[in-house]
Amino acid sequence: METTGLARDDRIISAAVYRLDARGEVEDHWYTLVNPERDPGPVWIHGLTSDVLEGAPLFRDVAEEFAARLDGRVLVAHNAVFDWQMIAREYARAEREAPVRQRLCTIALSKELGLPLPNHKLESLAAHYGVVQQRAHHALDDARVLAEAFRPSLRAAAAGGVRLPLLECRPLTEWADRPSPLIGRQAGGSGGGYGSYRPGSWRPSRKRPACPHPNPGRYEDGKRLKQGMRVAFSGDTSVERELLEDRAAEAGLHVATSLSRLTSLLVTNDPDSGTSKVVKARQFGTPVVDEAAFGQLLRDVEPADG
């Protein structure tokens, strides 16, 4: 899959699916360009210009066929959380639900297998298994490379009794787009001016006003949240993350981007995920609730003292 960038308001511009059987053998494959209805982003990486994408179908036009190929399958991708979030957002924009319930990240699987890779790039995983990349950053060839590298990984896991690192996929149930740059002509070179593309960042930084209330301490099970409590989020949420964070801030809570000993509560739907926030929550004894429970707590937040 290729995208206009790495942020929450970026769009898919090409997608490819290789369907595999239980042994990892290829059943079929599919590829499409997608018109993102905006600037295509880092053309010097993916090579897809506005002219190329102008006549491509919109995502809502390919959503049904894409869904038919995902339905009942496990989404396998390299850095799968990014692929899943992009797919979930596109379906939310189209007012549909992606039929994916589980994902498997080949980065996580390579760690479980203890593969001696120099880094976590797809090209390193491919080289380990002798898979030759023909067109890097082309969705169809990237999908082929991943399929060929996943097959021996899958068999190694089966032979070694290694648990597959499957995670739940929660479709977005609410979505709000921010204004995005319209599709336009690109300037030459690899300079800036490509919409919301931000190297090294999956989500754009967003500054909120400082919480006006002091931190009253940790949340206690069975009690109410209190204004000023520091709340952190981790993993997929069925309500788009920024909407959930906005609601927390509007209720008078401090939305924390990291987890520390001062964090009052961690909200996650996957407390066994092993993310850095979940690991720190265990170390610090930070209370953890899921999204549904947090939604209930938000309905009755206790005012700050004074």
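Predicted model: local features only at pLDDT ≥ 70, side-chain atom pairs only at ≥ 80, totals over all residues.

Residues are numbered from 1 along each chain as its sequence is written, and side-chain values use heavy atoms, with hydrogens and water left out.

Helices (H or I, at least four residues) and strands (E, at least two) are DSSP runs, numbered from the N terminus. Two strands pair if DSSP finds at least two bridges between them. Strand 7, residues 230–234, pairs with strand 9 in the parallel sense, over four bridges. Strand 9 is also joined to strand 10, residues 288–289, by two bridges, and these two run parallel. There, leucine 266 is opposite valine 288.

Which residues of strand 9 point one way, and which the other? Leu265 and Val267 point one way, Leu266 and Thr268 the other, and all are buried. Buried means under 20% relative accessible area, exposed means over 50%, and partly exposed is in between, with a 1.4 Å probe and protein chains only.

Strand 9, helix 9 (residues 276–284) and strand 10 form a right-handed β-α-β unit. Right-handed here means that, with the strands pointing away from the viewer, the path from the first strand over the helix to the second runs clockwise.

Serine 258 sits in the loop between strand 8 (254–256) and strand 9. Its relative accessibility is 42%, so serine 258 counts as partly exposed. Leaving out residues up to four places away in sequence, serine 258 touches Ala232, Thr263 and Lys277; contact means heavy atoms within 4.5 Å.

The UniProt record, an unreviewed entry, annotates residues 223–301 as "domain: BRCT". Such annotations may be inferred rather than shown by experiment; positions follow the numbering used here, and feature names are shortened. The span is 34% helix and 18% strand, and its end C-alpha atoms lie 10 Å apart.

Now the other annotated part. Over residues 2–159 the chain is 45% helix and 17% strand, with the end C-alpha atoms 33 Å apart.

What has the most contacts inside the largest nonpolar core? This core has 24 residues, and those with the most contacts inside it include Phe59, Trp84 and Tyr91. A nonpolar core is a set of buried Ala, Val, Leu, Ile, Met, Phe, Trp, Tyr and Cys residues joined through side-chain atoms within 4.5 Å. Strand 2 (12–20), helix 3 (59–70) and helix 4 (80–93) each give two or more residues to this core. Helix 4 provides the largest share, seven residues. A second, separate core has 17 residues, among them Met229 and Val267.

Three strands form an open sheet in the order 4-5-6, with mixed pairing. Strand 4 (74–77) and strand 6 (166–168) are at the edges with a single partner strand each, so one side of each has no neighbour in the sheet. Strand 4 is joined to strand 5, residues 102–105, by four bridges, and the two run parallel. In that pair, leucine 75 is opposite arginine 103.
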